[in-house]
Amino acid sequence: MRVVIAAVTVAVLALSGCSDDKKEQPRSSAAPSFAPGSDGAGDPYFPTYGNGGYDVAGYDLKLKYDPASGKLEGSATIRATATQDLSRFDFDLAHLTASKVTVDGQAATSKAEKNELVITPAAGIAKGKAFTTVVEYGGEPHALANEALGDGGWMRTKDGGFALGQPESASTWFPVNDHPKDKATFALAMTVPDGVEAISNGVPGERATADGWTTWRWTESKPMASYLATVVIGQYRITSSTHDGKPMIIAIPESLPADGPAARSLAQTGEITDFLATQFGPYPFDAYGGVVIDDARVGYALETQSRPVYGSVFFRTRPNPVVVAHELAHQWYGDSVALERWQDIWLNEGFATYAEWLWQEHKGEQTAQQAFDRAYKGFDWRVPTGDPGADRIFGEAVYQRGAMVVHALRKTIGDDAFFKLLKEFPAEHRDGNATTGDFINLAEKVSGKDLADFFQRWLFSTTPQPKP
């Protein structure tokens with residue numbers, strides 16, 4: 001099972017230059033030194049993913065998709081703040097072509113360089129300045145190939161299409177700073193032919209129909225890592241309800257039975273989320289739900305923010321609430337608290353896998369200790385959980401050994417400190433990003449123990465560790 005995560009720090013920097021009641025503060029006389037933003041965020045595992053020089057606050061997409069032709073077109077309005085004096089900057093944009101670009105309403109020049117859209121504004125943008133870029137673009141979207149990790153991004157279907165994938169996906173359908181450390185809010189207005197559904201992240205808005213086309217609106221108001229953005233277009237049965245006062249949207253493809261294993265599994269979303277809230281603290285988003293995709297290319301589930309997506313492979317013969325528990329746990333560990341760098345993906349997958357164990361214990365199926373014992377027996381320790389390598393971020397060292405690290409920590413610091421830590425970590429970093437170092441520091445603070453040796457051995461050793 002490949003389950004994904006993700007996030008970016010959305011820092012909206014205010015210009016300083018404020019004054020007191022009587023005196024104007026001195027201003028710097030240094031002239032800006034404008035330079036291009038980097039064409040990568042500098043992640044050690046994926047150095048070219050994302051971009052530098054700015055911090056996105058929000059994406060507002062107005063798009064139209066024609067399933068008959070496979071063509072996508074529209075505009076992206078992107079609000080950001082310069083983190084340096086910018087002469088030009090890049091967005092990630094793959095396989096699609098920009099026809100017009102403006103920055104703060106002024107025409108800007110742009111060019112495509114591989115999977116980058118390079119934008120040169122009419123004038124330099126000073127560090128700390130908020131600016132708005134509008135990109136009009138279109139083309140026939142398709143996925144990015146990745147032999148080691150699997151293809152990610154837009155995939156066309158006979159009745160629509162969907163955008164999904166980790167660690168890359170978003171750049172195949174909108175211009176983006178495609179790295180989880182630059183989290184941003186997200187709004188989508190997707191226009192599709194009447195009779196076709198379009199499901200995305202967050203809170204649903206009003207639909208509008210005209211001339212044979214329907215516009216579906218979705219808003220995710222909490223900062224989101226770009227790979228967690230999704231849209232699913234096709235023939236779906238949508239169930240809309242409320243849970244704890246928030247919208248709950250469940251979408252099951254018409255190709256699957258209305259009361260089959262997939263529908264029965266996702267019907268447990270509210271119950272599972274409520275249980276996880278007792279372990280991790282209050283649910284962090286404004287909507288709930290899930291979407292099933294019945295497509296052989298989707299052999300995984302992904303924690304797309306507020307509305308996870310599940311491949312139908314998980315529900316072939318019977319309900320599978322365990323995978324639902326895994327993806328919902330990511331709403332705390334992976335979504336609300338997102339990665340700063342991909343090396344730390346165990347913080348997402350280890351805790352989501354451990355949530356499976358907690359859910360099974362809650363349902364009386366097996367204890368967390370029994371799950372640990374099964375995972376521990378005969379495990380191959382040669383890949384370190386805390387640094388698995390870019391081509392192994394979806395491997396057993398991250399998922400199963402990651403969960404074993406969590407359980408070993410529980411046994412080391414005791415249940416009181418452990419369950420306090422499970423809530424304090426997502427609370428402390430809510431809507432932001434965190435690293436392994438952040439987690440270790442908080443674990444030591446909460447437990448009052450020196451855990452340096454414990455984490456060194458359990459995260460980075462390549463030899464079996466004794467059971468705690």
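**Figure 1. Charges across the whole protein.** Lys and Arg are counted as positive and Asp and Glu as negative, while His and the chain ends are left out. Each charge is placed at NZ of Lys, CZ of Arg, CG of Asp or CD of Glu. On this basis the protein has 44 positive and 59 negative charges, and their mean positions lie 2 Å apart. The model is predicted: local features need pLDDT of at least 70 and side-chain atom pairs pLDDT 80 or more, whereas totals for chains, interfaces and linings use all residues. Residues are numbered from 1 along each chain as its sequence is written, and side-chain values use heavy atoms, without hydrogens and water.

**Figure 2. Overall fold and surface.** The protein contains 9 helices and 24 strands (DSSP runs of H or I with at least four residues, and of E with at least two, numbered from the N terminus). Its radius of gyration is 23 Å, which agrees with the value near 23 Å for a compact globule of 468 residues; the radius is taken over C-alpha atoms, and the globule rule is 2.2 Å times the number of residues to the power 0.38. Of the 468 residues, 58% are buried (under 20% relative accessible area; exposed is over 50% and partly exposed in between, with a 1.4 Å probe and protein chains only).

**Figure 3. Salt bridge between Lys-129 and Asp-104.** The closest N and O atoms of Lys-129 and Asp-104 are 2.8 Å apart. Lys-129 is in the loop between strands S8 (116-120) and S9 (130-139), and Asp-104 is in the loop between strands S5 (97-103) and S6 (106-107), so the pair ties together parts 25 residues apart in sequence. A salt bridge here is a side-chain nitrogen of Lys or Arg within 4 Å of a carboxyl oxygen of Asp or Glu. Lys-129 is partly exposed at 32% relative accessible area, and Asp-104 is partly exposed at 39%.

**Figure 4. Salt bridge between Lys-363 and Glu-271.** The N to O distance between the side chains of Lys-363 and Glu-271 is 3.2 Å. Lys-363 belongs to the loop between helix H4 (346-362) and helix H5 (368-376), and Glu-271 to helix H2 (residues 269-280), so the pair ties together parts 92 residues apart in sequence. Lys-363 is partly exposed, at 40% relative accessibility; Glu-271 is also partly exposed, at 40%.

**Figure 5. Salt bridge between Glu-424 and Lys-420.** The closest N and O atoms of Glu-424 and Lys-420 are 3.8 Å apart. Both residues lie in helix H7 (residues 415-428), 4 residues apart, about one turn of the helix. Glu-424 is partly exposed at 28% relative accessible area, and Lys-420 is partly exposed at 44%.
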